[in-house]
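Here is a short report on one protein chain. Take a look at the model before reading on.

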Amino acid sequence: GEYASLELWPTLIRFDGGLLAGVETQINTSYSGGGGGAATLHLIAFLPGRAPFEVLSVPVRTSLTIRACFTERDMKQRAGVCHDEYSFDASLAPTGGSAAGMPVLRYRSKATSFPGAVSRSRDSLAARPLRQRDIVTVTDRQCSYQRLYRFVPTTRRYAPDTPPPDCSDYTEIGRAH
């Protein structure tokens with residue numbers, strides 16, 4: 001099943017002319033042989049004389065476990081490591097700069113997978129058998145990145161300096177594979 005929870009983001013970003021506060025929504029799900037949790041940060045602007053409005057929504061934390069063994073043979077091929085694990089951790093912080101009267105924010109992420117560079121879009125069992133040296137946690141370079149986010153008055157949202165890479169392997173928990 002799936003359940004969701006909500007908590008306040010522990011950081012308040014105060015600036016001349018307002019305040020940015022956040023809410024983290026966490027979705028947890030479990031399915032046969034695995035499960036995961038994903039937290040998304042929703043940043044809300046509080047400006048004098050205006051109703052609060054959401055300015056940014058970014059993934060901040062995900063952890064996933066996906067079963068990879070169904071038979072003895074699978075266990076052998078996987079050297080007894082029967083789950084693929086994915087994790088994604090990100091932070092958002094003000095840089096000290098400002099754009100359009102709002103703070104410029106730096107987003108930093110780190111994504112890892114275990115064992116080795118597994119992928120949710122490929123069948124782990126179709127890969128060659130795991131060897132002892134494959135059984136390590138590795139950092140995914142593409143999904144470990146940083147972006148600067150600046151406020152765009154016309155859209156009333158923050159936009160990244162360059163589009164972030166597709167990291168749905170790490171950040172989406174809805175799909176079982």
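The report covers the overall chain and then its salt bridges.

## About the model

This is a predicted model; local features need pLDDT of at least 70, side-chain atom pairs count only at pLDDT 80 or more, and totals for chains, interfaces and linings use all residues. Residues are numbered from 1 along each chain as its sequence is written, and side-chain values use heavy atoms, with hydrogens and water left out.

## The chain

The chain has 2 helices and 10 strands. These are DSSP runs, numbered from the N terminus: helices are H or I with at least four residues, strands are E with at least two. From the N terminus, the order is β-β-β-β-β-α-β-β-β-β-β-α.

The C-alpha atoms fill a box of roughly 65 × 30 × 25 Å along the principal axes. Of the 177 residues, 41% are buried. Buried means under 20% relative accessible area, exposed over 50%, and partly exposed in between (1.4 Å probe, protein chains only).

## The salt bridges

Side chains of opposite charge can pair when their charged atoms come close. The structure holds 2 salt bridges. Each is a side-chain nitrogen of Lys or Arg within 4 Å of a carboxyl oxygen of Asp or Glu.

Arg61 pairs with Glu24, with the closest N and O atoms 3.0 Å apart. Arg61 lies in strand E5 (residues 53-67) and Glu24 in strand E3 (residues 18-31), 37 residues apart. Arg61 is partly exposed at 33%, whereas Glu24 is buried at 7%.

Arg157 forms a salt bridge with Glu54, at 3.5 Å between the closest N and O atoms. Arg157 sits in strand E10 (residues 157-160) and Glu54 in strand E5, 103 residues apart. Arg157 is partly exposed at 32%, and Glu54 is partly exposed at 33%.
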